[in-house]
Amino acid sequence: MASFHGVEPGEIVKAKVIEELSPPSSNRNYLKAGCETWDCAWDPNGSYFAWSCGSRIVKIVPWNPAKNTTVTRDVHDHEGKPLTHQGFTIDAGELVWALSFGSAVADMKPHTVNLNFRRFHFSHDLILATGLHSGRIRIWDVNSGKLMVELLDHKSVIRDLRFAPNGSLVLASASRDGTVKFWDMNDDGNMSKTLRGNSDWIYNLAWSPDAKTIATVGNSRSVLLWDVTTYRQIRKFDGHHHDVVSVDFSPDGALMATASYDTRVIVWDPHTGDIIFVFGHLFPSPSPIFAGGANGNYVRGVSFSHDGTHIASVCDDGYTRFWRITNEKVPEQILPVANALCCTFSPDGSVLTVGDRDGRVKFMSAPMQVERLQHLCRMSLRRLVPSSKVDKLFIPLRLKEFLKYRDN
């Protein structure tokens with residue numbers, strides 16, 4: 001079976017690598033932990049990048065978003081002013097599986113918290129959450145590199161961490177103990193709620209852009225969508241034939257992408273549960289029985305770009321793919337990357353980072369173009385209007401289909 005539909009890899013545009021980081025040689029001394037890069041993360045402004053480079057080490061790298069390179073390579077911004085933010089290294093004490101940056105937005109602080117009696121003050125600084133093999137979560141001050149607080153309640157490996165995108169400093173954690181927990185950094189990091197779905201292991205989670213819902217995926221082949229206000233399950237998405245290991249929302253919240261070991265990325269309408277696009281990584285498409293086994297083309301990760309028209313995926317066939325959502329058959333660009341485990345776009349969508357089993361990270365220049373005004377208007381509208389309300393608008397049917405991304 002082939003990895004691409006009707007074309008050879010040499011016929012597809014090759015993505016450009018702009019930077020590559022390797023773990024420090026001293027990592028070999030920590031034999032009690034693995035060397036994989038299980039996760040990497042950008043801070044909300046794109047000024048810092050963090051990656052778990054194996055052997056309990058996390059590197060925080062200062063990034064120059066104006067030049068799309070590390071500050072060590074170019075220390076000046078687009079106006080020629082010097083950048084002063086510094087990087088550092090964290091020894092987390094054990095294998096790190098998950099990372100997430102958090103920062104507060106002043107007008108999003110909860111009014112129910114008495115700010116005068118907090119032990120920890122996160123509101124004015126950038127923080128980094130690290131999820132560990134033991135189930136512990138440690139919160140670090142990015143400015144000083146110091147450990148601020150440790151969160152304890154999970155019983156197994158932390159597989160994913162995500163701060164709410166609204167600046168509220170609510171942290172969601174997913175674990176192999178089958179639970180998702182919510183921690184409030186504005187309340188000394190106290191745990192506020194535990195969710196338990198239908199998976200023994202929770203691999204990944206994603207907040208919707210409005211921070212009102214959260215999606216979780218695990219080894220049950222299903223995707224669950226939860227209301228964060230009531231902590232109740234809203235919807236269950238069935239369609240994958242193997243473990244679902246990665247999930248991400250589009251910037252307008254109108255689409256949700258999931259990656260599975262069944263060789264596919266599925267893009268859903270999170271408001272209805274309908275499948276909108278399917279991006280296959282093995283052709284001809286395998287049968288459900290074969291896809292549900294050791295098929296050799298596990299899709300390990302998926303990420304939505306800031307432009308809302310591109311997604312990236314990493315697969316065990318050794319390729320990283322950039323897809324345009326209007327073309328389900330052939331990727332727009334590819335790059336050979338062996339043993340890739342995770343991928344994530346920078347906040348502006350101009351760079352994709354891919355981590356591998358050897359603790360390395362590649363920075364790739366992502367496909368970018370000036371989007372049509374129609375698409376920009378669609379994204380603006382869909383941030384406010386769910387699919388059910390689109391159907392009630394007094395507009396032509398063709399325009400409704402366009403707003404729901406079904407115009408292909």
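Mentor: Happy to! The largest cavity has a volume of about 40 Å³, in what is a predicted model. The count of cavities of 30 Å³ or more comes to one. Its lining is made up of G197, N198, S199, I202, T216, V217, G218, S220, S222 and L224. Two elements, β17 (213-218) and β18 (222-227), each give two or more residues to that lining, and β17 has the largest share with three residues.

Now for the rings. There are 16 aromatic pairs. In one of them, the ring centres of F237 and W268 are 5.4 Å apart and the planes stand at 70 degrees; an angle over 60 counts as edge-to-face, so this pair is edge-to-face. F237 belongs to strand β19 (residues 232-238) and W268 to strand β22 (residues 264-268), so the pair ties together parts 31 residues apart in sequence. Both F237 and W268 are buried.

Another pair is F279 with W323: the centres are 5.0 Å apart and the planes lie at 50 degrees, so this one is tilted. This pair links distant parts of the chain, with F279 in strand β23 (residues 275-280) and W323 in strand β26 (residues 319-324), 44 residues apart. F279 has 0% relative accessibility and so counts as buried; W323, at 0% too, is likewise buried.

Ring pairs also join W42, F49, W51, W63 and F363 into a cluster. Finally, the charged end of R176 sits over the ring of W201, 4.3 Å from its centre, while R378 lies over the face of Y405, 3.9 Å from the ring centre.

Terms used. Residues are numbered from 1 along each chain as its sequence is written. This is a predicted model: local features need pLDDT of at least 70, side-chain atom pairs count only at pLDDT 80 or more; totals for chains, interfaces and linings use all residues. Side-chain values use heavy atoms; hydrogens and water are left out. On a 1 Å grid over the protein atoms alone, a cavity is a set of points where a 1.4 Å probe fits but cannot get out, and a pocket is an open set with protein on both sides within 12 Å along at least five of seven lines; lining residues have an atom within 4 Å of a point. Grid points are joined across faces, edges and corners, and a volume is the space filled by probe spheres set on the points. Helices (H or I, at least four residues) and strands (E, at least two) are DSSP runs, numbered from the N terminus. Rings of Phe, Tyr and Trp (its six-membered ring) pair if their centres lie within 6.5 Å; planes under 30 degrees apart count as stacked, over 60 as edge-to-face and the rest as tilted. Buried means under 20% relative accessible area, exposed over 50%, partly exposed in between (1.4 Å probe, protein chains only). A charge sits over a ring if NZ of Lys or CZ of Arg is within 6 Å of the ring centre and within 35 degrees of the ring normal.
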